[in-house]
Amino acid sequence: MKVTLSALDTHESSFLPLVVIELAQDVKEETKEWLKARIITKKKDGGAQLLFRPLLNKYEKETLENQNLYLVGASKIRLLLGAEAVGLVKECSDNTMRAFTYGTRHNFKDFDDDNDDFLSMAERQFIIKHELENLRARDEKMIPGYPQAKLYPGKSLLRRLLTSGIVVQVFPLHDNEALKKLEDTWYTRFTLKFQPIDRIRGYFGETIALYFGFLEYFTFALIPMAIIGLPYYLFAWEDYDKYVIFASFNLIWSTVILEVWKRGCASMTYRWGTLVMKRKFEEPRPGYHGVLGINPVTGREEPLYPSYKRQLRIYLVSLPFVCLCLYFSLFVMMIYFDMEAWALGLHEDSGSEWTSILLYVPSIIYAIVIEIMNRLYRYAAEFLTSWENHRLESAYQNHLILKVLVFNFLNCFASLFYIAFVLRDMKLLRQSLATLLITSQILNQIVESLLPYWLQKKHHVRVKKKVEALKADIDATLYEQVVLEKEMGTYLGTFDDYLELFLQFGYVSLFSCVYPLAAAFAVLNNLTEVNSDALKMCRVFKRPFSEPSASIGVWQLAFETMSVISVVTNCALIGMSPQVNALFSESKTDLILIVVAVEVTNPIMGLHLQDLISTLLCTTGFMRTE
């Protein structure tokens, strides 16, 4: 018998809460009733047909402060029909991957009418988020009770409620039992082991699982560099010119590892079903604004903003601002070199042990200044990119990433390029690289994980005391969980995590030939990064909504661009080495031609080597198929 949405019950008094909606404290009752009606109304009447109830009943609201918190869930059949609507891909009994349909549900592996685990909790929450975001205005001209919050047919109600401040936040709840099991196999015991990537994917979704998969793979890929670098560093410590062999290995390594990752990434996402998942039509982003009109492509009414105005904002405001920031970064860099010269002169005059320690102070100060400038610029880049008024979230992210990467690259690496190719001081290059790398890693661990975790622990103690004072007839466990999670920080995505790995990849691939310990420090940092990031996801931030992904997106291109730059840099370092110059003492033209030829042929050679390296990694277990 065919099941239709109109046959589903939306008035179940008790259901598993999956998502929390927090309203502002002063929201009017008519607005609450209208929102509730739109959420529980049948799909054919323009509703979401979900389950909805307040966290606190009337008596509890009088006893406690009014939290304006509401729980959202859905029946099993509603979720299955929602899985078909969003195009979830699941494994069939014949081991093929196909888009799920409710009519053929019995053809899918592990499906049973009595089994509630066919859809993971992350998938169920993603379905509810999709249904809430697709609640659209019909005949309403405004949100009831708020005449200033205008609506037009087809406008997403949730986005308008969020931008109007009526809805404070919408977030998915943690599953404490599943979270505890995940933590036990992930980070609670500090042992060298593979991460449970499939479990991470089941709990947090593909986007976050791909980040942790890439972090794990990149850490393993660094191990050969670290193994070669340790003896190289110990036996050639003071001979800064003997870096040709290590630079040559850098050429191959930086090219091959990204090609191997693409294959492993495709294997994972095919197994998860996102590689063959159809891309849904991308809606305008919440901050997009313009004059109301008809979209010529979709035929729907939505805000329209002329493209030429956006281009004027980009080229007349954003581009000059970025160039000004880059100039300021170079200005700060020259101040750093003045400090280095002062510290060196002081050391040469006195020659004491204290002044030898002072030699590292300018680099440490400069590393801290770099981190501060990167974070301040990030806020400015976000404001500018939002002001440019991009229609799609993907376009917004691409422009933001481009702005941030250009500045971070120059801010972090300009001084190293200057030392290597202008000053040609390999001793100073080694000292600066070591200081910048180690200082940035320590600061990132403190700012991104330790500090938020400490603040969250303090808040958790306050909530515990508050819940202990509640009356016994209140569901204190659920109340405590919701109140605790609503005060947690919001995870803003994998942007900062990938950026940190991108800069680390730059430090290792560009100049590690003069500081072979760079890869070893990167490995040590990443081993702690896995655990600190896991702690951050599980205990510091709210649970993020699952987002299907088929790859690491634009970051693949960013890493490949850095790989090309590293090839050029290492070829130039090889060409500058005394050993190579001695071979071409009579003809510098031949040397230049050979260096250019190596730069051109290295990516091609890397492509031929990727099959061999991939096979070796699969054999040794570095690239798992689980």
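This is a predicted model: local features need pLDDT of at least 70, side-chain atom pairs count only at pLDDT 80 or more; totals for chains, interfaces and linings use all residues.
I started at R201, and R201 turns out to be buried, with a relative accessible area of 18% (buried is under 20%, exposed over 50%, partly exposed in between, with a 1.4 Å probe and protein chains only). Residues are numbered from 1 along each chain as its sequence is written, and side-chain values use heavy atoms, leaving out hydrogens and water.

Next I looked up the partner of R201. R201 makes a salt bridge with E123, with the closest N and O atoms 3.6 Å apart (a salt bridge is a side-chain nitrogen of Lys or Arg within 4 Å of a carboxyl oxygen of Asp or Glu). E123 sits in helix 4 and R201 in helix 7 (residues 197-204), so the bridge ties together parts 78 residues apart in sequence (helices are DSSP runs of H or I with at least four residues, strands runs of E with at least two, numbered from the N terminus). E123 is buried too, at 8% relative accessibility.

Then I checked R539. I found R539 bridged to E183, with 2.7 Å between the closest N and O atoms. R539 is in helix 17 (residues 518-540) and E183 in helix 6 (residues 176-186), so parts 356 residues apart in sequence are tied together. E183 is buried at 4%, but R539 is partly exposed at 34%. I also noted that salt bridges with shared partners join K90, E123, R201 and E206 into one network.

Last, I searched the whole structure and got 25 salt bridges.
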